[in-house]
Amino acid sequence: MNTRFSVLFFLIVLTILLSCKNNDNVFPKVVSSYLNVVNASPDVLNFYLNGTRQNNTSSIFPAGQSFYITVPAGSQDYEFKKAGSSNIFFRIPLNLKDSVNNSLYVIDGSTASTYSTVDFLPPDTIATDTQIRFANVSPDAGPLDVFVGDTINFKSSAFKTSTVFLPTGSGQKKVKIYQTGAAIPKVDTTITFEPGRIYTLFSKGLINGKGPAAFGVGVVINY
């Protein structure tokens, strides 16, 4: 009887100790970032990390975006391939911070032209408002002046820079893009902006480009 009691007591104590030990396990924190690839090139692209394609639902078409995809934070090498090709188009190292939204603008397949931004998305304010910024993604355009409707004016935006987000009303807006100092716009179009959305307008193509490489404007939905 005493032996059985001793064995039972030992098993109970062992179970408690193992339970405490399991509760003391420290699991490493998984740090992630969020990456939106914006395709300002004339090619259809896919991007990869450690050999695994990240934009699984669809290839990224010219003037398109991947939307924010969860990727590991820290230093990583990203590879890009043209759709239908197994050859690496180009690769670029990125060091992304934990829990931060980022945009990567792909232009011509060179790391010198490709650049990224940290996207500090403004909080929602008025449901009928729209937030808009501008990114100059055209290597040969020089500084650009951008007008959106009657309320937004981005002046002298240099290549590989992006502005802050500015609020405006939603609906149809006239968008004009000038080379700084020019009297005639390179882009004169109308874009419809939905209420409660956050957008990035970006220049794409080359000033004297033809076909898919022609100068124009693209629209990214950040939120």
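Colleague: Among contacts in the chain between residues at least 6 apart in sequence, what share joins residues at least 24 apart?

Modeller: The model is a predicted one. In it, 56% of the contacts between residues at least 6 apart in sequence join residues at least 24 apart. The chain has 16 strands and 1 helix.

Colleague: Why is Ser41 called buried?

Modeller: Its relative accessible area is 2%. Buried means under 20%, so Ser41 qualifies as buried. In the chain of 223 residues, 39% are buried.

Colleague: Where does Ser41 lie, and which residues does it touch beyond four places away in sequence?

Modeller: Ser41 belongs to the loop between β1 (32-39) and β2 (45-49). Setting aside residues up to four places away, Ser41 touches Pro62, Val106 and Ile107.

Colleague: What makes the link between the side chains of Ser41 and Asn39 a polar contact?

Modeller: The two side chains are joined at 2.6 Å. A polar contact requires N or O atoms within 3.5 Å, one able to donate a hydrogen and the other to accept it; the value of 2.6 Å therefore meets the distance cut-off.

Colleague: How do you know that β5 and β6 pair?

Modeller: Strand β5 (residues 74-82) is joined to β6 by 7 bridges, and the two run antiparallel. Pairing needs at least two bridges, so β5 and β6 count as paired. Within this pair, Gly74 stands opposite Leu96 in β6.

Conventions
Residues are numbered from 1 along each chain as its sequence is written. This is a predicted model: local features need pLDDT of at least 70, side-chain atom pairs count only at pLDDT 80 or more; totals for chains, interfaces and linings use all residues. Side-chain values use heavy atoms; hydrogens and water are left out. Helices (H or I, at least four residues) and strands (E, at least two) are DSSP runs, numbered from the N terminus. Buried means under 20% relative accessible area, exposed over 50%, partly exposed in between (1.4 Å probe, protein chains only). Contact means heavy atoms within 4.5 Å.
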